[in-house]
Structures are given as C-alpha cells and as structure tokens.
Amino acid sequence: MRIGMIGLGKMGANMSRRLLNDGHDIVGFDLDPDAIAAVEEDGADGATDLDALVDQLPTPRVCWMMVPAGDAVDATLDDLLPQLHDGDIVVDGGNSNYKDTLRRAGRAEEHGVHYVDVGTSGGVWGLREGYSMMVGGPDEAVGHLRPALETLAPGPDKGWGHMGEVGAGHFVKMVHNGIEYGVMQAYAEGFDILKNKDTFDLDLQQVAETWRFGSVIRSWLLDLTARALDDDQDLPRIEPWVDDSGEGRWTVKEAIDLDVPAPVITDALISRLDSRVENSYTHKLLAAMRNQFGGHDVKESDE
C-alpha cells in the first residue's frame, strides 16, 4: 500500500518507519524540511507540499494525517480536500475530539471522500512494540486500510479494532486516555505514600520491580514507572507540573453529559490542574510517567 503521511513528528515518523519496514510505500510531508529529509533517509518519498503528495498517490488515495489536534487538522483539510476525488480516504490518526471528527467527516463527504478516525496509543514505543488503534469509519474504507492497520498494530489480529462508524475511534480513544489518567494517578499516589514512610526507608525502584511480576497491579505503566525510578528516585530534575492534552477533560465532560459518575477520572484531572500550583512527589512521578510512555516534555527543576 502507498500512503501519504502528513505530519512527521515523533509519532508520524515512527509510524512511517514501521510501515516502510513491512514493505509499504510512504510519501511524507511536513512543514519542517528536516523531517521530510529524515523520512526520505528511511526510504520514503518526500513531498514539498500537499499538491506534490497527492500527485504521488494512486487511487483511491490514502492521506494519513498525524498533525496536532485542533486548528491544524482543519487547516490541513482546507488544503487537502479540494484536491481529492470520490473514493479517496483521509485518516485522522491524532487525538482529535470526536465531535470535531464528526464535523470534519461531513466536510469530507461533500467531496465524496471517506473519513476515518484512528485513535492511536503507543507513544514513543510504538515503532518497536506496535500501536493500539481504535478505528472509526465506513466498512469499505477501513477494509482498504486493513493491510496498513495490521502492520502498525502489535499483530495482525490484536491491538486494533474497528469500533464502529466515523467518530467511534476517537470517542473510544478519549475514554482510553481518561482511564489512563486514573491509573497513573493511583500509581503516583501509592508511591508517594511509600516514599513518605520514613520508618522503612523503602527502595521505590525495588518495590516497582517486585510488583511488575505476578502482582494483580502489574501493567506496562508500572514497567515504565520502574524505569523512571531507576536513575534517582527523588526525580530531582523534574518539576511537579503535569500537563494534560485534552482527552481527560473531554472524558469528564462526556461523563457529565451522559450522567455517568466518573470520580476517579475527574479527580485525576483535577490533580493535574493542582500540580501547576503545588509541589508534590505525586506530580513529579506523574510527569515522569508521561515522559516515559509518550516522550512528553517535562519541566526541568533548577535543583
């Protein structure tokens, strides 16, 4: 399959590499010429603009966007949709709000273009481990994308699924990230309790390693927590300032709209907001976990 990859940041570049390694063809475009040059070194064809990208794709064209959620997606569609034709496919692989996805799918339909939303999890580890992908869109378009989805996933028959009609993929990914907030919060608070029990002078990295095997709370997030604690358990170079990229807020709002109580996810979101005005080890460890699984930036301490 030949795919036009639009947006060659960490995730887009790594997804391109995984596809190239499995024999797919990639045409890559990014606003940064250095990012285009890097993917060309991996074996992709580069495009200096969206016109050139579309011209290099066979029909039905597959244009896979990995651009930041929000205005950047709409701006890309403004330039892209007029160049596409009936039966072409646009994929939004970013973490867009599902309500925006529904609106954009309507725009695509006016051009006869299929719109597919792929909520993607895996962070900086996806190149090696594969990506978990929650897919929404029409059966015909998802069927056409199956070879690429099977390549990007941890295995052809695991780690990805067609969730339903357009918007369903981003909706499921939104809730996925809300759950992620809660699980991370529980780990961080638990380790903060352990750290403050001076009586036992606990080795937190040893605790994490012990829990990783056989424990009912073992998980990939715990693996990454152990990794974050391996250097210096006090995390001296990390400020206790935890960012949020939106999905937790959207999940809480959706829970309220649906009259579904979600106190754990809500409290985890509030804790992230609190982290910007208080100093705690809990928030240092939350920031370290985000850096471990997603490569998200941390605020470095002056200590």
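L50 is found in helix α3, which covers residues 50–55; helices here are DSSP runs of H or I with at least four residues, numbered from the N terminus. The model is a predicted one, in which local features need pLDDT of at least 70 and side-chain atom pairs count only at pLDDT 80 or more, while totals for chains, interfaces and linings use all residues. Residues are numbered from 1 along each chain as its sequence is written, and side-chain values use heavy atoms, with hydrogens and water left out.

L50 counts as buried because its relative accessibility is 9%, where buried means under 20% relative accessible area with a 1.4 Å probe and protein chains only. If its neighbours within four places in sequence are left aside, L50 is in contact (heavy atoms within 4.5 Å) with I6, F29, T76, D79, L80 and Q83. By comparison, L50 and D100 are 50 residues apart in sequence and lie 22 Å apart in space, C-alpha to C-alpha.

We can now turn to another helix. Helix α10, residues 220–229, is mostly covered, since 7 of its 10 residues are buried, namely L221, L222, L224, T225, A226, A228 and L229. What covers these buried residues includes α8 (168–196), α9 (204–211) and α13 (281–294).

Key
Helix = DSSP H or I, 4+ residues; strand = E, 2+ residues; numbered from the N terminus. Buried < 20%, exposed > 50% of the residue type's maximum accessible area, 1.4 Å probe, protein only.
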